[in-house]
Amino acid sequence: MSGQGPLRVIFVPSPDFFRPIHLIMNILQVHNLSYELADRSLLFQQVSFSVSQGRKYALIGPNGCGKSTLLRLIAHAKSNSSACIAVGGPLWHVPQQFHPFGSWSIAQALGIAHKIQALEQILSGDLSEHAYAVLAEDWQIEEKARAALHVWGLSSLPLDRPFGQLSGGKKPGFF
């Protein structure tokens, strides 16, 4: 295990938890999966679990403990000689890198950069019709954007921060 803390798979009971066991089908089984980093340190070791149809699970752990790596290995069914990954249907992997957004600011990713720029121009004395037309009387654009970031748990982020600097776990909140 790396110094980032433990990786845990947690079963969250759903309303159908108490149905007869013979009706529950495993849709994913992982047995004895380990992952070694380039520096030969183990990110995780001998991870084994099953995912049953109709149940909800949570994969939790601190940043850098291997959650995304584990899911990527499973999605691409990369078994090594000591591990077994059995999948009972199609899997999809949603990457944490959202191109072309990597070089964009948060405002650009939200599609509001042009309005914020127009607002800044007006506030600095530019009274051109173009700036007013772009702003389209959306005088509260920054406040609305900050309120949305707050709802997503991202209220500390400045709107001009490059989207590519966000952690993989924060990026999906925008989509």
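Mentor: The protein chain has five helices and five strands. Keep in mind that this is a predicted model.

Trainee: In what pattern do they follow each other along the sequence?

Mentor: The order is β-β-β-β-α-β-α-α-α-α.

Trainee: What does the pLDDT of the protein chain average?

Mentor: The average is 76, and 68% of the residues score at least 70. Over residues 11-24 the pLDDT is below 50, and that stretch makes 15 contacts in the model beyond its near neighbours in sequence. Where pLDDT is low, the predicted coordinates should not be read in detail.

Trainee: What share of the residues is buried?

Mentor: Of the 175 residues in the protein chain, 29% are buried. The chain exposes about 11,200 Å², with carbon and sulfur atoms supplying 56% of that area.

Trainee: And contacts, how much comes from residues 24 or more positions apart?

Mentor: They account for 59% of the contacts with a separation of 6 or more.

Trainee: Switching to the surface. Which residues form a nonpolar patch there?

Mentor: Leu127, Tyr132 and Trp139, with about 320 Å² of accessible area together.

Trainee: Where is leucine 127 placed?

Mentor: Leucine 127 sits in the loop between helix H3 (113-123) and helix H4 (129-135). Its relative accessible area is 62%, so leucine 127 counts as exposed, the cut-off being over 50%.

Trainee: How many aromatic pairs does the structure hold?

Mentor: Two. In one of them, the rings of tyrosine 132 and tryptophan 139 have centres 6.1 Å apart and planes at 65 degrees.

Trainee: Why is that pair edge-to-face?

Mentor: Because the angle between the planes is 65 degrees, and over 60 counts as edge-to-face.

Trainee: Which residues does glutamate 142 contact, leaving aside neighbours within four places in sequence?

Mentor: Ile116, Leu119, Glu120 and Leu159.

Trainee: And how far is the C-alpha atom of glutamate 142 from that of isoleucine 112?

Mentor: The two C-alpha atoms are separated by 8.8 Å, with the residues 30 apart along the chain.

Notes:
Residues numbered from 1 in each chain as written. Predicted model: local features only at pLDDT ≥ 70, side-chain atom pairs only at ≥ 80, totals over all residues. Heavy atoms only, no water. Patch = residues over 30% accessible without salt bridge, like charges linked within 9 Å, V, L, I, M, F, W, Y side chains within 5 Å. Areas by Shrake-Rupley, 256 points an atom, 1.4 Å probe, with all protein chains shown as cover. Salt bridge = Lys/Arg side-chain N within 4 Å of Asp/Glu carboxyl O. Helix = DSSP H or I, 4+ residues; strand = E, 2+ residues; numbered from the N terminus. Buried < 20%, exposed > 50% of the residue type's maximum accessible area, 1.4 Å probe, protein only. pLDDT = per-residue confidence, 0-100. Contact = heavy atoms within 4.5 Å. Phe/Tyr/Trp six-rings, centres within 6.5 Å; stacked < 30°, edge-to-face > 60°.
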